[in-house]
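Subject: Structure handover

Hello,

Here is the structure I promised to pass on. Please open it before you read further.

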Amino acid sequence: MYKNDLYLRALKGEIVERPPVWMMRQAGRYLPEFIKIREKYDFFTRCRTPELASEITVQPIRRYGMDAAILFSDILVIPQAMNIEVEMKPGVGPWLPNPIRNQKDLDRVIVPDVTVELDYVMNAIKASKELLNNEIPLIGFAGSPWTILCYCVQGQGSKNFDKAKEFCFTQPILAHTLLQKITTTTIAYLKEKVKAGVDAVQIFDSWGGMLSPADYQEFSWQYINQIIEALKDEVPVIAFGKGCWFALEEMANSKAAALGVDWTIKPQIARKLAGNKITLQGNMDPSRLLSPPSQIKKIVTEMIRSFGKDKYIVNLGHGILPNIPLENAKAFIDAVKEFEA
Ligand code: CP3
């Protein structure tokens, strides 16, 4: 179906010549061609305009030839569709002027008709598929319900998401009601994305590692697992939990096709915890892309040998940083393409 289907084959656990590679947040701020578009259009205009979103989606592919594209969009389009205002403030990041803190706030949160409210995402997928021209697969994504709750309650990014945790620990019934509304919306949203043409979906639990193992189970994993169960027969699901190494064993017992791991765990330990049947994705420290290209190539080769070339997708342990030199990103991708078993 695709000229290059390495990524989908790795998700199925098939034997491959070399592992596939892509970078989390690859459609973004380290690219001069992205910055040029950013100068003209604000963030949500870029997300809502299929011509812009699809162009940004393929920019990194044109430059580096990754084995998969990820749709340019954001995890925060979900709260927007649920009637929670979200702004993207330059220099600040996400800004939610009316955070959810009590029953009254929660009452105005809706489970929307995603075919109406998020129609623009589906159009961006169709436009991206056209530009990709059956060369490589397209990844769709959503935030985990817990990570979305973090922004909805805190109202902005945070070092510890204290207000989000306080909400969960002091008003658990409200918290679970909100988490379930987000989960229900996310399932409908990802199903629509599959219909529109994405080949895999990744759940970003960027703030799962903020929780203790017991709280992670209660406030994050059970909802991610609901999403996996609802989608597993339609599309491969990749669960990425930043800082969630403590849950790898349990995550591996789910129906996820693959698990993302960050750089705070040794590949061998991740394999030991997750077992040998599930594909792993990761896990170079994103800051390591600041090392000289020759060093990057060594690290990548070593990483592939440690994870093993099969049931493995080369990636960073979290999103690429804005200040990464272009030739360093290239060294990362090229090292994988040059890999010989
Ligand atoms: O390349 C890709 O990965 C596809 C696009 C993508 C974006 N955001 C575009 C974006 C994806 C997959 C995301 C996911 C996302 N968004 C996450 C989960 C992944 C992670 O990094 O942990 C989170 C937590 C968000 C929320 C968010 N959106 C934040 C915290 C910010 C501001 C900080 C930042 O990274 O700049 C955004 C804005 C955002 N989303 C930008 C991009 C390219 C940068 C702002 C801009 O372009 O004006």
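Below is what was found, from the overall build down to single residues.

Note that this is a predicted model.

Overall build

The protein has 16 helices and 9 strands. The C-alpha trace spans about 60 × 45 × 35 Å along its principal axes. Of the 341 residues, 57% are buried. Take the contacts between residues at least 6 apart in sequence: 74% of them join residues at least 24 apart.

Surface and charge

In what order do the 7 strands of the open sheet run? The order is 1-4-5-6-7-8-9, with parallel pairing. Strand 1 (69-70) and strand 9 (312-316) stand at the edges. Each has a single partner strand, so one side of each has no neighbour in the sheet.

Strand 1 runs parallel to strand 4 (residues 138-143), and 2 bridges join them. Look at Ala 69 here: it stands opposite Leu 138 in strand 4.

Further in, strand 5 (residues 200-205) pairs with strand 6 in the parallel sense, over 5 bridges. Val 201 has Val 237 of strand 6 as its bridge partner.

Strand 6 (residues 237-241) is mostly covered, with 5 of its 5 residues buried. In a regular strand, side chains alternate between the two faces of the sheet. Here Val 237, Ala 239 and Gly 241 point one way from strand 6. Ile 238 and Phe 240 point the other way. Residues of both groups are buried.

Helix 9

Is helix 9 largely enclosed or largely open? It is largely enclosed by the rest of the structure, because 10 of its 10 residues (145-154) are buried. Among them are Pro 145, Trp 146, Tyr 151 and Gln 154. Two cysteines, Cys 150 and Cys 152, are also on the buried list. Just after helix 9 comes Gly 155, with a positive phi of about 90°.

Backbone points to check

Most residues other than glycine have a negative phi, and most peptide bonds are trans.

- Asn 134 is not a glycine, yet its phi is positive, at about 60°. It is found in the loop between helix 8 (119-132) and strand 4. Its relative accessibility is 44%, so Asn 134 counts as partly exposed.
- Phe 161 is not a glycine either, and its phi is positive at about 45°. This residue lies in the loop between helix 9 and helix 10 (162-170). Is Phe 161 buried or exposed? Phe 161 is buried, at a relative accessible area of 0%.
- Gly 282 and Asn 283 are joined by a cis peptide bond, with omega about -15°. Asn 283 sits in strand 8 (residues 279-284).

Best wishes

Conventions: Residues numbered from 1 in each chain as written. Predicted model: local features only at pLDDT ≥ 70, side-chain atom pairs only at ≥ 80, totals over all residues. Heavy atoms only, no water. Helix = DSSP H or I, 4+ residues; strand = E, 2+ residues; numbered from the N terminus. Buried < 20%, exposed > 50% of the residue type's maximum accessible area, 1.4 Å probe, protein only. Contact = heavy atoms within 4.5 Å. Pairing = 2+ DSSP bridges.
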